[in-house]
Amino acid sequence: MTPRTALRDPKQDRSRATRRRLLEAAVACLAERGWAGSTVAVVAERAGVSRGAAQHHFPTREDLFTAAVEHVAEERSAELRALPAPHGEGRVHTVVEALVTLYTGPLFRAALQLWVAASYEEQLCSRVTALEAKIGRETHRMAVELLGADESVPGVREAVQGLLDMGRGLGLANLLTDDGHRRERVVAQWSRVLETILTPQDPDHPSPAAS
């Protein structure tokens, strides 16, 4: 037994596990039921814990749901950071596809419900605004790294931000119907556009798009 193992506290382990279950249940409830249907009691039941235990970890409803969206966003960011930087032909398409998936899963559905609630819940508004700014900066930073983009080049920063804005739009389109086929075509076309923007051009041989 190592000293590190000997110092482990079973109560702390259980507390962390309970917190994680609550966060994951909160995201699932937001995505499936919306803000109005996602009470602390509903989340606690889904997580398999008592309401008192839920409130021990998260004293208010706002605490629970803002923490939940941030938790899953951080997990998704960690997955993206763990991706090996793609190289060679198809690199840009691989990155664009990975980034667009950020906006077509349950996290985006949950975040959207939180945004809507924040638009009329004063207690939520400032917290969600700050959270979204943080997530937005991190996602933009990762996009730049994965694409190998040089934002000192005019137009590159706007192109990367345009990619993320497009991803949100595709996520919205996917809320009511499965928009997978159109999304594939849009991703393919935007990848070609980005490829042109990100590829250094020889001044003596400009690309057709620049001529």
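**Close-up views of a predicted model**

**View 1. Thr18 and its contacts.** Leaving aside neighbours within four places in sequence, Thr18 is in contact (heavy atoms within 4.5 Å) with Val49 and His57. Thr18 sits in helix α2 (residues 10-33); helices are DSSP runs (H or I) of at least four residues, numbered from the N terminus. Thr18 is buried, at 14% relative accessible area; buried means under 20%, with a 1.4 Å probe and protein chains only. This is a predicted model: local features need pLDDT of at least 70, side-chain atom pairs count only at pLDDT 80 or more, and totals for chains, interfaces and linings use all residues. Residues are numbered from 1 along each chain as its sequence is written, and side-chain values use heavy atoms, without hydrogens and water.

**View 2. The Trp35–Phe65 aromatic pair.** Ring centres of Phe, Tyr and Trp (its six-membered ring) must lie within 6.5 Å to pair, and planes over 60 degrees apart count as edge-to-face. Trp35 and Phe65 are edge-to-face, 5.4 Å centre to centre, with 65 degrees between the planes. The pair links distant parts of the chain, 30 residues apart. Both Trp35 and Phe65 are buried.

**View 3. An aromatic cluster.** Tyr103, Phe108 and Trp115 form one aromatic cluster. Tyr103 and Phe108 pair edge-to-face, at 5.8 Å centre to centre and 85 degrees between the planes. Tyr103 is buried, as is Phe108.

How values were computed
Helix = DSSP H or I, 4+ residues; strand = E, 2+ residues; numbered from the N terminus. Buried < 20%, exposed > 50% of the residue type's maximum accessible area, 1.4 Å probe, protein only. Phe/Tyr/Trp six-rings, centres within 6.5 Å; stacked < 30°, edge-to-face > 60°.
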